[in-house]
Amino acid sequence: MKTKIKINSKLPRAVTTIFTTMSAMAKELNAINLSQGFPDFEVSRELISLVDKYMRKGYNQYAPMQGALPLREVLSASFELNHGVRYDPASEITITSGATQAIYVAITTVVKPGDEVIVVEPAFDIYHPAIEMNGGISVPVKLKAPDYKIDWQEFASLINDKTSMVIINTPHNPTSAVFDMEDMLKLQALLENTNIAVVSDEVYEHIIFDGMQHQSVCRFDDLRKRSFLIGSFGKTFHVTGWKIGFCLAPEYLMGEFRKVHQNVVFAGNHPMQMALAEYMEKPANYLGVSEFYQQKRDYFIDLMKDSRFKAIPSHGTYFQLFDYSEISDMSDMDFTVWLTRQHRVATIPLSYFYTDNFDNKSIRICFAKGNETLEKAAEILCKI
C-alpha cells in the first residue's frame, strides 16, 4: 500500500472553476461556448509572423527576469501616449506570465497573515484564493445593481488598521462597469495618509466603449504611488493562450514585487515578448481595439433585441450581462446548466463571482466571438 501523507489544504473550499466546468460541458454537448472569456477568431498574421521571426533569430532562451527590454520600453511609451505618465522601463515595469501571475505576485508582495484586503465584488475568481494562500482575509464590497456602481460610504466603513490592500478592476469583469474619474478621486481621497496598497486590474484597458476614457490608476498621483497596475497583452491582442501580462509600479514597490516574481516564474516567453514589442511600435495595433469590440457588442445586442433576456449596459470588456428573470425563477447556476443542456448555449452565472453566491438572476455572455457564432447563439436565445 502506497504511503499517503496528510496535508492541510491551503484552499479547502476551492473547487474547479466555473469556466473549466462550463467549457467542458459545452464541449461534451457540442454547445456554443459563450462562457469562457477567449476570442474564437484569428490572431493578427503579422503578430504570428513576428513570433516566427524572433524564434528564428534565436530568442529561444530565458528572457531577462524583468522581461525583454524592448517590450518594457514600448509599454512605457504606450502609457505616456495614452495617460501622460511615464514608468521607467528599467525599474518600474515587469513582464509576467499572464495577468494572473502578476496579481498573485502583487498580493504576495504585500499581504501577510491576518491582513485584510478589500475586494470589489462581483470579483474575478483569482483574487480571493491568492489572498487566502497568503493568510489574508478578504473583505468584499458589492457593486450596486442595476448599474453596478460602488457605494463609497460603505467602502469607507470597511477600512481599518488591518487593511493592507484594496483590489479594483476597471473595466470590470464580469459586470462590464467602468470606474469614472469621480470614482477614482474618491478612492484616492479615502486612501490618503494610509499605508494601504492598491492592485488595479486593468487587463481590459483597451476595451472601453461609447467614447469613455479609461481612468487608469496611474492618472492619479497619490494612487499611482501606492499601486500595482496590472495589464494583459492577451486581452488586447486576442492571444489569451500566450499568457503574457505586465505589472507597473513605482520603484520602491517594484523592487519588492520582483523579489517574489523571480522566485515564482523568473521570466516569461521570450520570442513572444519580442514579437509584441515590435508589433506595439505601431499604436494603431492597440488603439483600435475598443472600436472593434464595440461593434461586436452592438451587433450582438441588436441580434438579441427580440429576446426575453434584458441586456444590462456594457461599458467595457468583451462581456455582456443579461437578466433572465422574465424567463425563469431558477437560480443562475441552475439556469446556465439548463441553458447548456437543453439549448446548447454555454454561459456563466453571475453568482459565481460573489463570495456569498449572491443571485440576481443574471448571466455573463462573452461576445468576443465571430459573427457567425454570435448569430447562431442569438437565434437560439431569442426562441427561449
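Asn 269 caps the N-terminal end of helix H11, with a side-chain oxygen 3.0 Å from the backbone nitrogen of Met 272. The model is predicted: local features need pLDDT of at least 70, side-chain atom pairs count only at pLDDT 80 or more, and totals for chains, interfaces and linings use all residues. Residues are numbered from 1 along each chain as its sequence is written, and side-chain values use heavy atoms, with hydrogens and water left out. Helices (H or I, at least four residues) and strands (E, at least two) are DSSP runs, numbered from the N terminus.

**Helix H11**

- Of the 10 residues of H11 (residues 270-279), 9 are buried, so the helix is largely enclosed by the rest of the structure. Buried means under 20% relative accessible area, exposed over 50%, and partly exposed in between (1.4 Å probe, protein chains only).
- The buried residues are His 270, Pro 271, Met 272, Gln 273, Met 274, Ala 275, Leu 276, Ala 277 and Tyr 279.
- These buried residues pack against helix H2 (45-56), H3, strand E2 (93-96), helix H9 (233-237) and helix H12 (284-287). Contact means heavy atoms within 4.5 Å.

**His 83**

- His 83 is in helix H3 (residues 69-83) and is buried, with a relative accessible area of 12%.
- The side chains of His 83 and Arg 219 are joined by a polar contact of 2.8 Å. A polar contact is a pair of N or O atoms within 3.5 Å; within protein, one must be able to donate a hydrogen and the other to accept it, and residues adjacent in sequence count only if both atoms are side-chain atoms.
- Not counting residues up to four places away in sequence, His 83 touches Glu 205, Gln 213, His 214, Ser 216, Cys 218 and Arg 219.

**Pro 122**

- Pro 122 lies in the loop between strand E3 (116-121) and helix H5 (127-133). Pro 122 is buried, with a relative accessible area of 0%.
- Leaving aside neighbours within four places in sequence, Pro 122 is in contact with Leu 143, His 172, Asn 173, Pro 174, Thr 175, Leu 350, Phe 353 and Tyr 354.
- The C-alpha atoms of Pro 122 and Lys 144 are separated by 9.9 Å, and the two residues are 22 residues apart along the chain.

**Sheets**

- Two strands pair if DSSP finds at least two bridges between them.
- E6 and strand E7 (residues 197-201) run parallel and are joined by 5 bridges. Ile 168 has Ser 200 in E7 as its bridge partner.
- Another open sheet, of 4 strands, has the order E10-E11-E14-E13 with antiparallel pairing. Its edges are strand E10 (310-312) and strand E13 (348-349), each with a single partner strand, so one side of each is left without a neighbour in the sheet.
- E13 and strand E14 (residues 362-366) run antiparallel, joined by 2 bridges. Pro 349 stands opposite Ile 363 in E14.

**Second largest pocket**

- The second largest pocket has a volume of about 320 Å³. On a 1 Å grid over the protein atoms alone, a pocket is an open set of points with protein on both sides within 12 Å along at least five of seven lines, whereas a cavity is a set of points where a 1.4 Å probe fits but cannot get out; lining residues have an atom within 4 Å of a point. Grid points are joined across faces, edges and corners, and a volume is the space filled by probe spheres set on the points.
- The pocket is lined by 17 residues, of which Thr 163, Ser 164, Asn 195, Ile 196 and Ala 197 lie nearest its centre. Strand E6 (163-169) and helix H10 (251-261) are the elements that give two or more residues to this lining.
- The lining divides into 6 nonpolar, 5 polar and 6 charged residues. Ala, Val, Leu, Ile, Met, Phe, Trp, Tyr, Cys and Pro count as nonpolar, Asp, Glu, Lys and Arg as charged, and the others, Gly among them, as polar.

**Cavities**

- The structure holds 2 cavities of 30 Å³ or more.
- The largest cavity has about 60 Å³ of space, and its lining includes Leu 75, Ser 78, Phe 79, Glu 205 and Tyr 286. H3 and H9 each supply at least two residues of that lining.
- The second largest cavity has a volume of about 50 Å³. Among the residues that line it are Leu 143, Tyr 148, Lys 149 and His 172.
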